Amino acid sequence: MKKLYLLLILSLLSIKGFAGECPDGSDPVQSISDDGSYFVYKCGSSNSSNNTTKVDQTSTDSDTSSQAKRKTSSVDSNITIYDVVFSPEVLEKLLSLVVIPTDYDFSKHQLAKNVKDIGCRFTMTRIVYDVIEEGSIEGWNIAEGDINIKGSNVEFGKHARWRMNGLSTDPSYFRDEVNLRLTENGHIVGKMAFFLLSTNQGEIPRNPLYPTLTEHKRSTPIDLNNIKKVNAKLFIDVEDWAGSVMYISSCKYQ
Amino acid sequence: MPKINLSRREFLKVSGASLFLAGLPLPGFTKVKPPGTISVIMLEGGMDGLTAVPPFGDPNLSKMRKGLTPDNYLKLNSFFGLHPSFQYFSGLMAKNNASIVHATNFPYTLRSHFEGQNLMQGGGLSPFSETSGWLGRSLELAKLPGRSLSLDMPLILRGTDRNDNFYPASIRSSGNLKTKLIDMISMFHSKESSQVFKKVSKKSTQKDSIVPRDPASLAKYAGKAMSQEGGPLSSVIKVSQFDTHSNQGSDEFGRHGKLLKLVDEIIAGYREGLGDAWDNSIILTLTEFGRTVKENGTWGTDHGYGSAGFLAGGAITKSRVISKWPGLAENEQFDKRDLMSTIDYRSVCAACIEKSLDLDHDLIASKVFFTPELPRVYDLIFS
């Protein structure tokens, strides 16, 4: 008889342990233990509708920080959401991996201020360094058209075009893949899609390069004090063997 | 009958280019602004989800896969890691724009590439049961066109006559193609058939046939196209050779790791190309099956069942790993050899369709996947 009572008590305890309710009346949430070897049941906040998720309390992760595990009651009660949690150091490093080729930090430059809207003509030629150290400027334009300055923003105009065939014929490179600014001393800085090599028909097209435009020592910057007589010559380092010179002239206030 | 006056060289130019022209773009324009875009990366050969997203919290992982798990995985939480090949994807996870579904796949357990690939594209109840694909049927339901970035029209996109396939190529002199032969052939066909030849003729003069052929550039091109007002809503890129029976490798320099790197670059390409359209985009991977839990005798793995699915895009606003983890112990494996699939990946596809095309889940479940009782996992991914 004593054994029967003991069995009855143990059964009640067992039911309470595995199928009991939380204090707020909700079901306990099943999750995997920190070492992944067994299931743990914890009470969390109650859900208000079928589509909301129950949030379990966080557990400590030795390396990073806490990890929240949640599960839904709408689909399959055993599907677990493992939140992704990174330490601040790791997070900063990871965020730096998601960059666009034209991303550029302009904070190290003194950007131009109070410049009225200007429209200019530009041409770009290639400068090749394989024969002489200072490079030899080729006698044909790799790109040409119009360039506009609004505040410190520098944008290429509707008539800007690359002459390198292949992908360069796509006008979106001058429109969408340019991130340039004008500095207060007349240099153009930033990053842009750049076609240094031409593609013949039948050749596999080449993706653009994304050189950084700097305040180059050899450049003659845009004279912001004498816009009507601008004759700028801006050097662009692209690759070891060749770069480019961008000539800007015929500027007018818009 | 008009006299066809073409030189042999001109004829060869046209006929030789016809294969190429069949794959050139004819954009599928939409009439109504869609809520989002959906892009699929098909990982053919059976991607090893246990290497890509190692569940290091499972004590059996290190026992069974010593030579396959990278040492330098990124810890996502206290249970799952991420392969070092996924550099860009890890950045997206940090930005809360990427998630992973683990121990999942289409309900197919017979481990045949042909059958598995057919089922993951067809989305039917059994392999070769459908002549159209789940994405094509979805686009048809939404009355929206799509586009495939491959030479053939893959099964996954079949289902709507407004789809178009495209595989960029550049053949010498094809830009100067004379369309005389096409025009003449067109004259001898019915109105409907002649439309096809007109399409071919139009394609032959389009400039955007010039795109580098590597998958990342294709993804960027696809992203750019989808970002345009009235551009296509969907794209499919195929990566093969995941069938790593031998010398699979563990880290980013191994055979499998290099393929994962390619997937990472494709996702980066999409991100770059989509620009602001990224915010409403969803990209998901598919694979026909996972691989065996245990490493085989040739430092590889064999055909299995459950794998992992990668999701990225601005439509995701909270990064997470979603799983009903089955365990890796032998008695927890499918057929005592494979990672069990505990989440039907069709549910994941359905959630992505619901998000991007604004279709009702029940409609997707019954009309696209022919499974009215298909569980809805939308809230797990997008809430």
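This is a predicted model: local features need pLDDT of at least 70, side-chain atom pairs count only at pLDDT 80 or more; totals for chains, interfaces and linings use all residues.
**Conventions.** I number residues from 1 along each chain as its sequence is written, with chains lettered from A and ligands numbered from 1 in the order in which they are written. Local features need pLDDT of at least 70, side-chain atom pairs count only at pLDDT 80 or more, totals for chains, interfaces and linings use all residues, and side-chain values use heavy atoms, with hydrogens and water left out.

**Cysteines.** I searched the whole structure for disulfides (a pair of cysteine sulfur atoms within 2.5 Å) and found 1 over all chains. Cys120(A) and Cys251(A) form a disulfide with their sulfur atoms 2.1 Å apart, and the link is right-handed, with 110 degrees about the S-S bond. Cys120(A) lies in strand S6 and Cys251(A) in strand S14 of chain A, so the pair ties together parts 131 residues apart in sequence (strands are DSSP runs of E, at least two residues, numbered from the N terminus). I looked up accessibility as well: Cys120(A) is buried at 4% and Cys251(A) is buried at 5% (buried means under 20% relative accessible area, exposed over 50%, partly exposed in between, with a 1.4 Å probe and protein chains only).

**Arg206(A).** I placed Arg206(A) in the loop between strands S11 and S12 of chain A, where Arg206(A) is partly exposed at 33%. Beyond neighbours within four places in sequence, I found Arg206(A) in contact (heavy atoms within 4.5 Å) with residues including Leu167(A), Phe195(A) and Pro212(B). A polar atom of the Arg206(A) side chain lies 3.0 Å from the backbone oxygen of Ser198(A).

Conventions
Helices (H or I, at least four residues) and strands (E, at least two) are DSSP runs, numbered from the N terminus. A polar contact is a pair of N or O atoms within 3.5 Å; within protein, one must be able to donate a hydrogen and the other to accept it, and residues adjacent in sequence count only if both atoms are side-chain atoms.
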